[in-house]
Amino acid sequence: MRGLRALWMRLRSGRYAQADFEAELQSHLDLHTEEGVRAGLTPEEARRAALIRLGGAEQTRQAYRERASLPWLEILQHDTRYALRGFRRNPLFTVTAVITLALGIGATTAVFTVVDRILFRAPPYADPDRLVSVGLTAPIIPQEFVLGAWYYQWRDHPSPFASLTSEAGEYPCDLTERNPAHLNCVSVEASFLSTLGVPPILGRNFLAEEDRPNGPKAALISYGLWTSHYGRDPGVVNRVIDIDGAQVRIVGVLASDFEMPALEHADVLVPQAVDESTAGADRVMFGFARLKPGITAAQAAEQLKPQLDYALSKVPARFRSEVHLRVRSVRDRQMQDARQSAWVLLGAVLAVLLIACANVGSLLLTRSSTREREQAVRSALGASRGRLVSQALVESLLLSILGTLTGGVIAEGLLRLFLAIAPSGMPFLQGARLDLRIAGFTILVGLACGVAFGLIPAFNRPRSIAFAARTPPTSVGAVARKFMVAAQIAVTMVLLAGAALLVRSFSNLQTQPLGIQTRGVVTARVSLNRYRFTTPQSRMQFFVQAEAALRKLPGVSAVGLSDSVPPGDDRRDHIYSIMEVAGRPPMSGATGGMVAWRWATPDYFKILGIPIVRGRGFAEEQRASSEHFMILSNSLASRLFAGQDPIGKHVKPVPGGPWFTVLGVAANVKNSGLGEEDAPEYYQLWRAVAEDWQQPHSAVLLVKTAVAPRALAPWIRTQIGAVDATVPVDVQTLNERVGKLADRPRFETALLSFFAFTGLVMAVIGLYGVMAYRAAQRTQEIGVRMALGARRPDILRLVLLEGAHLIVIGTSIGLVAALALSRVLKSLLFNIGPRDPLSYAVVTVTLATVALLATLLPARRAASVEPSEALRAE
Amino acid sequence: MGGKTDVWQGTLALMVLRTLETMGPQHGYGLARRIEQTSGDRLQLNYGTLYPALLKLEQEGYVRSNWGTSVNNRKAKFYELTRAGEKRARKAAKEWEKTTEILARFLARPEEV
């Protein structure tokens, strides 16, 4: 308490205290002198004696002043004022340093905020590190899955898992009560929530009897559904609701942060209620398990090996060679390929931070060496080493603070930009906020940067030689600066190479032939509500009517119907080897990969401009036929009918399905997304016959128009609304659809290019700074050389060579590093190798040219110096 | 701030407090003289060090100061103990006695222990 009070008094002590003490000191001396005079001294002698006993008036004042206020605070104030004055005098230096730091800190914070959620986010389960996803991988389902026949046997055997559970994936379901809604249901095993370790926030988990066939029907509802549909009424538990026409009891409500381990959207969880004794190889589920303590995912996989053999005996023979076991953490399963881009982004942004730090460092070093003489003067005038260090520290700390503040603004802006351009496939991006922990971390990095580089020159003892006109050309600082410039060039090289590869890959992606004509095509995806359109007949009627209605629109030349549109991968598919050709035995052997297929009406090919290369297309009158017709893609035709004419042949695509007559062969189109390998494909004629409408609840209406596609959108909505006002319609031009597919690579390319450009600018600034400084430092030497007969080109070459030296070293190191590091980009690249020679050549030449230009300016200035002036220069 | 100064300042503060306690309000010069007299002129005080010590005591709230006139009609700043200062003086004196007593045992001749 007393200490605090004293501190407070010292803080507010002002000039008044000084004047007061002056009077007190005077009074002290007077009293002392008076006594001396009384003792018989002359006034002068008495006063002298008094001063001696006092220990000197000035020393006393000093001691008093130090006690009266806080000296270090005053020094700090003084240093701050001095530093700010220095910044004002040299705005170019200040702005460059602050912007550099701010860009480094801002970009790092923003990117880290984004990737943190992808790379380091803990899934919202109890002890998430022990949760794994378990299953087989096979071509038909890219994610690991388990088969009923295998799973139940295996669950009841000793295993490396403390508990094992499963879910059977999402399916659309309808809430069929007075306030109906279209929902997503997921069926899970009763042990699902307990294995994840997330109890419902209201009500209870499923009971064992509810998970048996014909058991009581129960459901857990999501927090979102509870909020939107039931107004967070706690009384919702035990209420009976209608799901798909069945009476289901709500037993509980899930937490607001609940998410499925495979990230399906779940409004309602229902028990699987599987008869375990009869569950066979046809039942596909997704397995999740909690590892026993001390067992890793790899060990678990090892322990499961013997059981795999058993599992494989239940798998159709043709799968066996293509099936593998996979045990990986839930987090890995959730993030999949987003991890790759996240690491690349993180690497790129750390490189930018590195460049920024090196740049600020070399700026500070350059500045300090130009002030060597000033430091020497200050030192000669009595400044202690500590004062010089504290002055330098204050200066770099101030720079760091300014940079950090600006960086915060940049971070917020960049984050908003990321969120705006981020593809929907990047998980957890929505709702990303600037993380204070991360901001704190980057601020620390920035401060450390400033302090470290502020201290190096401060400990460089000001030498007496600093007074001399010539400074030695190589000091520790000079070497460090050159090293940093070379390092910046090297890191920039890596960034530029990465960006160049991504840009090339992106342009490959954009300019590749899609096999379809996207101009002037508008798509309208319509999903029918299950509880309204219950019969195949009603669904067919709706779409046939909608098709006819759209034909009436002005400017529409053709209307087609399909269930999916290329080049996305949302089409249906099945494995190749189940296809049967009339007159041939069934195929044997492996799966043969996947075959894509979709429904199509005759106009489909006309609208998308897909040429029929053999035979003919579908005809309008065939839509009423009782026969089934198909068109094969070129690749499927040549695979099924190598060397034969497929026209008129009969094909049964799926066992148990009808036979189709092949009418023609269409050219190949991109059908598995922009970056993926195309699948062979066939088209089934979508007839106006109820038989073809057993399953589909959704379809895409394709409209070819001569007028502006966007202007047509409201018309399309009105026309479909006139058929049935309740169905949601999603209208997009085909160009927009295709553009969305490139969102992800566009995001990656844009960001990496931005970082590469930032890095390049910083490296050039750094190089320019160092070269300009060196040239200025050598002015006198240049004068001597010129006086001795050197011509301007010689001087130019002299300075340029020094810069070229750094550039060559930096570029070479960068080239080697880039070649080594670009492997990580491999999976992000399309139709281009990670060592594409053209990219590297362009980047090397660009970087070298820009860097040489940065040295050319100072070199020219050095060469234009008048020898007489240079000799006089100090 | 070396250890020596601290100890010196600590004892000086105690001397000031005790002197003010026994003598009542005093100006700086008078205090200095009085401390020297009390020590039997064995203590050669550097008068200049007294003022920062007084300032510290004042900042801590143990003394307060007021301008007044001395016996020979000169303007001088007088220091006096506050209530806290009186308490502090008694407590510090007790602590110091205890310390010296303990130290005395160490400095005493071994056979006397």
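## A buried glutamate in chain A

A:Glu681 belongs to strand S21 of chain A, which covers residues 681-685. The structure described here is a predicted model. With a relative accessible area of 1%, A:Glu681 counts as buried, because that value is under the 20% limit.

The side chain of A:Glu681 forms a polar contact of 2.7 Å with the side chain of A:Arg598. Leaving out residues up to four places away in sequence, A:Glu681 touches A:Ala596, A:Arg598, A:Leu632, A:Ser633, A:Leu636, A:Val669 and A:Asn671.

Helix H24 of chain A contains 30 residues, numbered 792-821. At 1.5 Å a residue, this helix should span 44 Å, and its end C-alpha atoms are 42 Å apart, which agrees. The buried residues in H24(A) include A:Ile795, A:Val799, A:Glu802, A:Leu806, A:Gly810 and A:Gly814. Residues three or four places apart in an α-helix point the same way, because such a helix has 3.6 residues a turn.

Helix H20 of chain A, residues 709-723, has 15 residues. The distance from its first C-alpha to its last is 21 Å, close to the 21 Å expected at 1.5 Å a residue. In H20(A), the buried residues are A:Leu712, A:Ala713, A:Ile716 and A:Ile720. These residues pack against helix H17 (536-551) and against four strands of chain A, namely S12 (521-527), S13 (556-562), S22 (698-705) and S23 (729-733).

## Nonpolar cores

The largest nonpolar core has 66 residues. Those with the most contacts inside this core are A:Val111, A:Val115, A:Leu345, A:Phe418, A:Leu495, A:Phe755 and A:Leu767. Elements of chain A that give two or more residues to this core include helix H6 (91-120), helix H12 (338-370), helix H14 (385-421), helix H16 (476-511), helix H22 (743-777) and H24.

A:Leu345 illustrates the packing: apart from residues up to four places away in sequence, A:Leu345 touches A:Val111, A:Val115, A:Phe747, A:Leu751 and A:Phe755. Another core, of 49 residues, lies apart from the largest one, and among its members are A:Val146, A:Trp150, A:Leu193 and A:Ile295.

## Chain B

Chain B contains four helices and three strands. From the N terminus on, these elements follow the order α-β-α-α-β-β-α. Chain B has 113 residues, of which 42% count as buried.

Among contacts in chain B between residues at least 6 apart in sequence, 44% join residues at least 24 apart. The accessible surface of chain B is about 7,200 Å², and 52% of this surface belongs to carbon and sulfur atoms.

## The interface between the chains

The size of an interface is often given as the accessible area lost when the parts come together. Chain B and chain A bury about 2,500 Å² between them, with 53% of that area on carbon and sulfur atoms. B:Tyr29, B:Tyr51 and B:Gln59 supply 29% of the area that chain B buries against chain A, more than any other three residues. In all, the contact takes 28 residues from chain B and 25 residues from chain A.

B:Glu60 is found in the loop between helix H3 (50-59) and strand S2 (63-69) of chain B. Is this residue buried or exposed? B:Glu60 is buried, because its relative accessible area of 14% is under 20%. Its neighbours within four places in sequence aside, B:Glu60 is in contact with A:Arg2, A:Arg5 and A:Ala6.

Definitions and conventions
Residues numbered from 1 in each chain as written. Chains lettered and ligands numbered in written order. Predicted model: local features only at pLDDT ≥ 70, side-chain atom pairs only at ≥ 80, totals over all residues. Heavy atoms only, no water. Buried < 20%, exposed > 50% of the residue type's maximum accessible area, 1.4 Å probe, protein only. Polar contact = N/O pair within 3.5 Å; in protein donor to acceptor, adjacent residues only side chain to side chain. Contact = heavy atoms within 4.5 Å. Expected span 1.5 Å × (residues − 1). Areas by Shrake-Rupley, 256 points an atom, 1.4 Å probe, with all protein chains shown as cover. Core = buried A, V, L, I, M, F, W, Y, C linked by side-chain atoms within 4.5 Å. Buried area = accessible area lost by both parts, 1.4 Å probe.
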